[in-house]
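Here's a short tour of one protein-and-DNA model, written for someone just getting started. Keep the picture open while you read and look up each spot as it comes along.

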Amino acid sequence: MSGDEGPGREGAAEPPEAGGGEQLALIRDTVRKAKQPRAKPRTWRGAALADGLPVARVLVDKGLVHLDQFFDYAVPAAMDADAQPGVRVRVRFGARVVKGRREGGTLHDGFVVERRADSDYAGPLAPLAQVLSTEPVLTEPLLRLCRQVADRYAGALADVVQLAVPPRMARAERDPSPDPLPTPAAPPPATWSRYATGPAYLQALARGDTPRAVWLALPGPHWPRELATVLATALAAGRGALAVLPDGRSAARVDAALTDLLGPGHHVLLTADAGPEERYRRWLAVSRGSVKVVVGTRAAMFAPVADLGLVALWDDGDSSHAEPHAPQPHARDVLLLRAREERTAFLLGGITTTVEGAQLVDSGWALPLAAARDRVRAAAPLVRTVGDLDQARDEAARAARLPSLAWQVTRDALARGPVLVQVPRRGYVPRLGCDTCRAPARCAACAGPLEVREEGGTPACGWCGRPAADWHCQECGGFRLRARVVGARRTAEELGRAFPRVPVRTSGRDTVLATVGGAPALVIATPGAEPVAEEGYAAALLLDGWALLGRPDLRAAEEALRRWALAAALVRPAGEGGTVVVLAEPTLRPVQALVRWDPAGHAVRELAERAELRFPPVARMAAVSGPPAAVAEFVDLVRLPEGTDQLGPVPVRRPAGTEPWERLLFRVPPGSGAALAAALKAGRIARAARSGPTAPLQLRMDPPDIG
DNA sequence: AGCACGCCGACT
DNA sequence: GTCGGCGTGCTC
């Protein structure tokens, strides 16, 4: 694992000193006041206060989020019983004192985090304005998790709490949650026996141990049930379990498998599909301890499962596991945090493995859970490649835009079942090459790659934007350009015309098909939207991924392999005639990994390379982006841990922005990630405390998109 | 972040 | 004499 972060520091987040310059008298005065805690705090208005614990420490939702501190309020006697830790309250915040009277102040939502006998705030306390609900939603363990996530990402607690606690739906709250069901029996291991250490993993869970594994699932349709079996096994051992999946579709598959194994009532599905009220109802059932197994998408990573015994994540390479809202926590990191802090078992599963997954194994923190080689061969389809040279030699392909191998495979397979055609997503920009020699087409001015932004448009440079109307090839003098990935959508249409008696189904952004039947059909899908074929696809054509491989992106190879393998895993085994044709150079590492079906080996080699180059996740990084002056000011302000590298700054594109931005990367060796996050947080607070207009500045731990 | 208090230039 | 510039500091 990234293994470096020790447990987050406990205790309230006190802001660091705001910097010198105060008048001595003022300091003395403050200290003296702070040293005499009142038996009972003063309040404004003098309303009757609660007897026992008259102070409520409150996390105010949107006041001074970046300062990351709690505020104390007086608890009126009437609210004494309701204002328990964890409940939502409303408080007046930002009031001014005018002639001894408080004026103004706007109502903010917040959470009571603690009831206390007194306050260490010297001034008079404002009373809670209202207890919104008596439901203790921000429970102590959930608060602790949020605190740790905030620290891990150099973010603010209030931001994380907003991600972790769903908005209140009064109606859902009124209804009682069902009584917990008795603990069911453990399901049989079934297909888990296909993995060498699979039964042992289940046995350890059943014993109540906390086994940790990176699971390389065999291609084919069994993984949802296998994942459900793991969750059910944890439940049978009397523990709670949580699985996070990248999308509603895959979550629904695991949900269905769980219902199959356990019947209804033992688990909930936490996805956006249910609608806010139903989702909150289910979340409450979890929070109240009625239900101990949760299957869901990203936001479910915070689900307050009682007595959590297992956290599982499926397909951690999927970008939707990264939360887009500040501080952009990644489900993998949050679940790793939970596994460590809540002492649970851990399962990271997928058809492929990320570098992070490989690192968990490499460090010894998790064990590999994979099938033996012969099992893999028996489950995987036959993978064939068509490289650039093959295509150049292939006269038929030049006329028809698709290699003859792809035609043959499609034609043969359509006699036996559906054929999947994976095409790039919309908005993807095809790169251009020389039609004669296939060399990539480069800009004459800056050598950037030429692109066509809209079909039929003039080619232009992807770096400098200069149009390339009179291009000629530097290699061979050719002057005709050709899309290096054939216009995939057009190809799909042509395929449809070539097989007029075969129905064409499409699955993409707007309409995603869950499944297709076993009848011959051409199924055109974008990555991630591939329907599951009930009896497996007879073949797949992979026309996507190409463009990725040309990019200077750290994850390009991993991501290409991931997309290909996810589609190829829906194809029947080679033994049943399942064939995959991938349009890519057979010499490339991810292509070879696909052909040999060795995603783990690929991830291990990527990991070694990252270590050598001191790239994440072996090193930890943070990105600071903003206007050059703001970036420079921040660098000046922040006190970085020993041994921090500074990379850049480099200009970054601001599509809608007015002024140019730049980005700076900080890099620290493994083990210093927490120190880096702490430094950034301190820097952010110091910056906020400064006077003057504040330019926008983005801080991000572990940026996923570094070139 | 908002929001008010504070101390210096062009208006009735 | 006053209205208003936004620099500075505080918010339980």
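In which strand is the place of C461? It's in β19, the strand made of residues 460-461. Before we go on, keep in mind that this is a predicted model.

**The annotated cysteines**

- The unreviewed UniProt entry has a "binding site" annotation that covers C443, C446, C461 and C464.
- Why does C461 count as buried? Its relative accessible area is 4%, and buried means under 20%.
- Another "binding site" annotation in the unreviewed UniProt entry covers C434, C437, C473 and C476.
- From this second set, C473 sits in the loop between β19 and β20, a strand that spans 481-483. C473 is buried, because its relative accessible area comes to 4%.
- You'll find C476 in the loop between β19 and β20 too. C476, though, is partly exposed, with a relative accessible area of 38%.

**Next to DNA strand C**

- How many residues surround DNA strand C? There are 14, and the closest are D72, Y73, R102, Y121 and A126. Of the DNA strand C atoms that come within 4 Å of the protein, 50% belong to sugar and phosphate.
- Sort the residues of this surface by class and you get eight nonpolar, two polar and four charged ones.
- Two strands, β2 (71-74) and β3 (88-93), each supply at least two residues of the surface near DNA strand C. The largest share comes from β2, with three residues.
- What part of DNA strand C lies 2.5 Å from a backbone N or O atom of D72? That's a base oxygen.
- With A126, a backbone N or O atom lies 2.9 Å from a sugar or linking oxygen of DNA strand C.
- G94 has a polar backbone atom that is 3.4 Å from a sugar or linking oxygen of DNA strand C.

**Helix α5 and its buried face**

- Helix α5 runs over residues 198-207, and its buried residues are G198, Y201, L202, A204 and L205.
- Now look down the axis of α5: the buried residues fall within an arc of 160°, so they line one face of the helix.
- What do those buried residues pack against? Their partners are the strands β8 (212-216), β12 (308-314), β13 (345-350) and β14 (367-369), along with helix α6 (223-236).
- Just after α5 comes G208, which takes a positive phi of about 90°.

**E173 in helix α4**

- E173 has its place in helix α4, which covers residues 170-174.
- Is E173 buried or exposed? It's buried, because its relative accessible area is 11%, and the cut-off for buried is under 20%.
- The E173 side chain makes a polar contact with the side chain of Y280, at 2.5 Å.
- Leaving out residues up to four places away in sequence, E173 touches S133, E135, R168, Y280, L284 and R288.

- A326 and P327 are joined by a cis peptide bond, with omega at about -5°. P327 is in the loop between β12 and α9, a helix covering 331-341.
- G648 and P649 are joined by a cis peptide bond as well, with omega at about 5°. P649 lies in strand β28, which is residues 645-652.
- D315 isn't a glycine, yet its phi is positive, near 55°. You can find D315 in the loop between β12 and α9. D315 is buried, because its relative accessible area is 5%.
- R614 is another non-glycine residue with a positive phi, near 55°. Where is R614 found? Look in the loop between α19 (599-613) and β27 (620-626). R614 counts as partly exposed because its relative accessibility is 41%.

How values were computed
Residues are numbered from 1 along each chain as its sequence is written. Chains are lettered from A and ligands numbered from 1 in the order in which they are written. This is a predicted model: local features need pLDDT of at least 70, side-chain atom pairs count only at pLDDT 80 or more; totals for chains, interfaces and linings use all residues. Side-chain values use heavy atoms; hydrogens and water are left out. UniProt positions are given in the numbering used here, feature names are shortened, and annotations may be inferred rather than shown by experiment. Helices (H or I, at least four residues) and strands (E, at least two) are DSSP runs, numbered from the N terminus. Buried means under 20% relative accessible area, exposed over 50%, partly exposed in between (1.4 Å probe, protein chains only). A residue is near a molecule or strand if one of its heavy atoms lies within 4 Å of it. A polar contact is a pair of N or O atoms within 3.5 Å; within protein, one must be able to donate a hydrogen and the other to accept it, and residues adjacent in sequence count only if both atoms are side-chain atoms. Ala, Val, Leu, Ile, Met, Phe, Trp, Tyr, Cys and Pro count as nonpolar, Asp, Glu, Lys and Arg as charged, and the others, Gly among them, as polar. The arc is that of the directions from the helix axis to the C-beta atoms. Contact means heavy atoms within 4.5 Å.
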